[in-house]
Amino acid sequence: MLIDAHCHLDVAEFETDRDAVIAAAKAVGVCRFIVPATVRQRWPHVLALGERDDVRICLGLHPYFIEHHHPDDLTALEALVTQQLEGAPKDRPVAIGECGIDGRFTDSLDAQWHYFDAQLSIAKRSRLPVVVHCVKANDKVSQRLRQQALPRAGLVHAFSGSYEQAAKFLDMGYMLGLGGAVTYERAQKLRRVVAKLPDDGFVLETDSPDMPLSGYQGQRNEPSHVAQVAKVVAELRKQRFATVAALSSANAARLFALDDQF
């Protein structure tokens with residue numbers, strides 16, 4: 001069994017065929033899905049998906065959509081997280097996120113850090129891990145995470161840095177998300193990192209509908225493609241496909257404290 005540790009199944013791109021997309025994933029062994037949130041307006045859709053037995057959710061505010069966020073969203077986020085944590089096990093968020101820093105957007109960095117720091121504080125108070133979006137900011141983000149010293153670490157989603165940067169996250173107990181980027185032959189630095197990662201240092205993900213695999217450029221990404229990511233990761237690590245599948249699923253289960261019913 002494979003787990004897609006990061007897929008945005010709540011978004012409009014899946015509105016007309018979501019059940020078919022999930023069925024296609026299960027047909028190739030991708031049977032569980034972690035769905036992170038992006039903006040407050042989408043939280044109800046994420047919560048609705050969380051009612052499924054094969055989905056677990058994260059709640060947060062994504063830095064890419066910084067212009068959609070408002071200061072009171074942070075208060076609302078903590079209130080919602082607290083409320084959901086008091087509910088049935090499968091309704092509880094498994095992490096705070098997707099949150100983080102996107103260094104491509106320099107004009108909004110101050111606001112990004114404000115929302116990121118606030119969400120790290122919420123994660124600390126709620127004792128949840130974080131799902132971190134980190135683009136062109138690995139060193140600064142790893143430094144901030146070390147300063148915050150969360151009781152539970154989390155996932156650095158779609159990691160694309162050097163092994164030295166990876167090691168800083170790994171040393172703090174964070175796992176790295178491996179997705180479509182590893183399937184591109186030109187991504188030699190990332191591929192070398194993947195080959196060297198410890199067995200307990202990674203999970204597999206798609207970021208569906210974004211980050212399509214090599215050969216699928218311009219197409220909607222889907223959770224079924226985790227199987228192809230696993231195949232490439234196995235080749236890079238010189239491990240069997242079944243070994244990578246088992247490792248990544250066990251890592252995701254440990255990271256998100258997934259219950260036996262999931």
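Residues are numbered from 1 along each chain as its sequence is written, and side-chain values use heavy atoms, with hydrogens and water left out. As the model is predicted, local features need pLDDT of at least 70 and side-chain atom pairs count only at pLDDT 80 or more, whereas totals for chains, interfaces and linings use all residues.

Helices (H or I, at least four residues) and strands (E, at least two) are DSSP runs, numbered from the N terminus. Burial follows relative accessible area: buried is under 20%, exposed is over 50%, and partly exposed lies in between (1.4 Å probe, protein chains only). In helix α6, which spans residues 163–171, the buried residues are Gln165, Ala166, Ala167, Phe169 and Leu170. The cover over these buried residues includes α5 (138–148), β6 (154–157), β7 (175–178) and α7 (188–196). Gly173 follows α6 and has a positive phi, near 95 degrees.

Within α6, Gln165 has a relative accessible area of 18% and is therefore buried. The side chain of Gln165 makes a polar contact with the side chain of Asp139 at 3.3 Å. A polar contact is a pair of N or O atoms within 3.5 Å; within protein, one must be able to donate a hydrogen and the other to accept it, and residues adjacent in sequence count only if both atoms are side-chain atoms. With neighbours within four places in sequence set aside, Gln165 is in contact (heavy atoms within 4.5 Å) with Asn138, Asp139 and Phe159.

Helix α4 (residues 109–126) contains Leu109, which is partly exposed with a relative accessible area of 23%. Not counting residues up to four places away in sequence, Leu109 touches Ile101, Asp102 and Gly103. The C-alpha atoms of Leu109 and Pro63 are separated by 9.0 Å, and these two residues are 46 residues apart along the chain.

A salt bridge is taken as a side-chain nitrogen of Lys or Arg within 4 Å of a carboxyl oxygen of Asp or Glu. Under this rule there are 17 salt bridges. One of them joins Arg18 to Glu15, with the closest N and O atoms 3.3 Å apart. Arg18 is buried, at 15% relative accessible area, whereas Glu15 is partly exposed, at 48%. Asp91 and Lys90 form a salt bridge with an N to O distance of 3.9 Å. Asp91 is partly exposed at 26% relative accessible area, and Lys90 is likewise partly exposed at 26%.

In helix α8 (residues 226–237), Glu235 and Lys231 lie four residues apart, about one turn of the helix. Their side chains meet in a salt bridge of 2.8 Å, N to O. Glu235 counts as partly exposed at 47% relative accessibility, and Lys231 is partly exposed at 48%. A network of salt bridges links Asp19, Lys26, Arg52 and Asp54.

In soluble globular proteins, nonpolar side chains tend to be buried together. A nonpolar core is a set of buried Ala, Val, Leu, Ile, Met, Phe, Trp, Tyr and Cys residues joined through side-chain atoms within 4.5 Å. The largest such core has 73 residues, of which Val141 and Leu204 touch the most other members. Helix α8 gives the most to this core, with eight residues. Another core of 15 residues lies apart from it, and its members include Ile3, Ile34, Val203 and Leu258. Residues up to four places away in sequence being left out, Val141 touches Ile101, Trp113, Phe116, Val132, Cys134 and Phe169.

A cavity is a set of points where a 1.4 Å probe fits but cannot get out, and a pocket is an open set with protein on both sides within 12 Å along at least five of seven lines; lining residues have an atom within 4 Å of a point. Grid points are joined across faces, edges and corners, and a volume is the space filled by probe spheres set on the points. There are two cavities of 30 Å³ or more. The largest cavity has a volume of about 60 Å³. It is lined by 14 residues, of which Ala158, Gly177, Leu178, Gly179 and Met211 are the closest to its centre.

The largest pocket holds about 790 Å³ of space. Its lining comprises 31 residues, with Arg104, His133, Asp207, Asp210 and Met211 nearest its centre. The elements that give two or more residues to this lining are β5 (130–135) and α7, and the largest share, three residues, comes from β5.

Note on methods. On a 1 Å grid over the protein atoms alone, a cavity is a set of points where a 1.4 Å probe fits but cannot get out, and a pocket is an open set with protein on both sides within 12 Å along at least five of seven lines; lining residues have an atom within 4 Å of a point.
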